[in-house]
Amino acid sequence: MNKDIISGKWTQLKGQAQAKWGDLTDDVFDVAQGDSKYLAGKLQERYGWERERAEQEVRDFERTLS
């Protein structure tokens with residue numbers, strides 16, 4: 001699924017992302033609106049992960065949506 005589709009269907013996909021990363025607030029997902037860089041930054045901030053791990057988590061999540 002490409003980034004444009006993810007952004008367009010973000011409201012529907014948000015529940016799946018919340019289930020995966022439950023420590024992030026609704027506000028984070030509302031602001032993210034499918035922006036993978038923003039989401040990776042928030043994962044990095046919240047979970048204390050390195051940038052590479054946070055970006056990999058987001059890529060893995062995107063692959064599960066295909």
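**Basis of the entries**

I worked on a predicted model, in which local features need pLDDT of at least 70 and side-chain atom pairs count only at pLDDT 80 or more, while totals for chains, interfaces and linings use all residues. Residues are numbered from 1 along each chain as its sequence is written, and side-chain values use heavy atoms, with hydrogens and water left out.

**Overall fold**

I found 5 helices and 0 strands in the protein chain. Helices (H or I, at least four residues) and strands (E, at least two) are DSSP runs, numbered from the N terminus. The pattern along the sequence reads α-α-α-α-α. I noted that 33% of the 66 residues of the protein chain count as buried. The chain exposes about 4300 Å², of which carbon and sulfur atoms supply 44%; accessible areas come from the Shrake-Rupley method with a 1.4 Å probe, and for residues only the protein chains shown count as cover. Among contacts (heavy atoms within 4.5 Å) with a separation of 6 or more, 40% come from residues 24 or more positions apart.

**Helix H2**

I next asked which residues of H2 are buried. They are Trp-10, Leu-13, Lys-14 and Ala-17. These residues cover an arc of only 125 degrees around the axis, so they sit on the same side of H2. The arc is that of the directions from the helix axis to the C-beta atoms. Gln-12 and Ala-19, on the other side of H2, are exposed.

**Salt bridges**

I searched the whole structure and recorded 6 salt bridges. The criterion was a side-chain nitrogen of Lys or Arg within 4 Å of a carboxyl oxygen of Asp or Glu. Side chains of opposite charge can pair when their charged atoms come close.

Lys-14 and Asp-30 form one of these bridges, at 2.6 Å, N to O. This pair links distant parts of the chain, since Lys-14 is in helix H2 (residues 10-20) and Asp-30 is in helix H3 (residues 26-32), 16 residues apart. Lys-14 is buried, whereas Asp-30 is partly exposed at 35% relative accessibility.

Arg-51 and Glu-55 form another, at 3.5 Å, N to O. Both lie in helix H5 (residues 51-64), 4 residues apart, which separates them by about one helical turn. Arg-51 is exposed, with a relative accessible area of 54%.

Asp-60 and Arg-63 meet in a salt bridge of 2.4 Å, N to O. They are 3 residues apart in helix H5, again about one helical turn. Asp-60 is partly exposed at 31% relative accessible area. I also noted that salt bridges with shared partners join Lys-20, Arg-53 and Glu-57 into one network.

An α-helix has 3.6 residues a turn, so residues three or four places apart point the same way.

**Helix H4**

Ser-36 lies in helix H4 (residues 36-47) and counts as buried at 18% relative accessibility. Lys-37 and Val-58, 21 residues apart in sequence, are 8.6 Å apart in space, C-alpha to C-alpha.

Conventions
Buried < 20%, exposed > 50% of the residue type's maximum accessible area, 1.4 Å probe, protein only.
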